[in-house]
Amino acid sequence: MTVGKTHSGKTTFAKQLESQLKNTIIIDQDNHASFINAHYKSLRPKGGPNTLKYAVTQTIVDFAVNQTHCNLVLCNSNLARNGRMDALDYFHRNGIISILVYFEIPEVVLKERITESQRSKDIFRSASTFEEVLARQQESDSSAPKIGEADHFFIVNRNEEDVPLVIKQIAEISNRSYANGTR
């Protein structure tokens, strides 16, 4: 599970991790938001939480957990502690080893990345810019994850050298769990 604000590197990290781990799938709510906006715009909630997006995500997670033996990479912001803990509890109840990667990127770096970004805005429901998304995330009821929330915890900061090391350590954890018959 990734945790971090917009443009902190979660999707890039997830894709790099996927390329290094066998039998891995990325579950990214931005993809679900884009799909809903393209095909089911009239079903989106007018305000409040995007319950349709969360339902689509949960359906995909349930299928992956119950019908496959894939490694799952939840590539969302996961900034809300309650939602994050619910997801981690779900995985623990299903015998899945949890790994949390927190992207603790300075605000100035996030703003630079947003300014240079070419990312599509087709994921938006109520925001109109990534600057607005970042401002909302800074004001929201988010809390940094803590050691002990997941079975394994890593922090990625501005130092790009963190990413290959974290990916290597996650690959080692994955290989050990497969050798032990767990995931």
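The exercises below, each with a worked solution, concern a predicted model.

Residues are numbered from 1 along each chain as its sequence is written, and side-chain values use heavy atoms, with hydrogens and water left out. Local features need pLDDT of at least 70 and side-chain atom pairs count only at pLDDT 80 or more, while totals for chains, interfaces and linings use all residues.

**Exercise 1. Describe the open sheet of 3 strands: give its order, its pairing and its edges.**

Step 1. Helices (H or I, at least four residues) and strands (E, at least two) are DSSP runs, numbered from the N terminus. Two strands pair if DSSP finds at least two bridges between them.

Step 2. The strand order is E1-E4-E5, and the pairing is parallel.

Step 3. E1 (2-4) and E5 (152-156) are the edge strands; each has a single partner strand, so one side of each has no neighbour in the sheet.

Step 4. On average, neighbouring strands of this sheet are turned by 20° against each other, direction ignored. Axes are lines fitted to C-alpha atoms, for helices over the stretch in contact, and angles run from 0 to 180 degrees between N-to-C directions.

Step 5. E1 and E4 (residues 99-103) run parallel and are joined by 3 bridges. Val3 stands opposite Tyr102 in E4.

Step 6. Helix H1 lies across E1 and E4 and runs at about 160° to E1.

**Exercise 2. Classify Ser19 and Thr24 as buried or exposed, and list the contacts of Thr24.**

Step 1. Buried means under 20% relative accessible area, exposed over 50%, and partly exposed in between (1.4 Å probe, protein chains only).

Step 2. Ser19 belongs to helix H1 (residues 10-20). Its relative accessible area is 55%, so Ser19 is exposed.

Step 3. Thr24 is placed in strand E2 (residues 24-27). With a relative accessible area of 13%, Thr24 is buried.

Step 4. Contact means heavy atoms within 4.5 Å. With neighbours within four places in sequence left aside, Thr24 is in contact with Glu18, Asn71 and Val73.

Step 5. A polar contact is a pair of N or O atoms within 3.5 Å; within protein, one must be able to donate a hydrogen and the other to accept it, and residues adjacent in sequence count only if both atoms are side-chain atoms. The side chains of Thr24 and Asn71 are joined by a polar contact of 3.2 Å. The Thr24 side chain also reaches the backbone oxygen of Lys22, at 3.2 Å.

**Exercise 3. Classify the aromatic pairs Phe35 and Tyr40, and Tyr90 and Phe91.**

Step 1. Rings of Phe, Tyr and Trp (its six-membered ring) pair if their centres lie within 6.5 Å; planes under 30 degrees apart count as stacked, over 60 as edge-to-face and the rest as tilted.

Step 2. The structure holds 4 aromatic pairs. Phe35 and Tyr40 form a tilted one, with 5.6 Å centre to centre and 55° between the planes.

Step 3. For Tyr90 and Phe91, the values are 5.6 Å and 70°, and the pair is edge-to-face.
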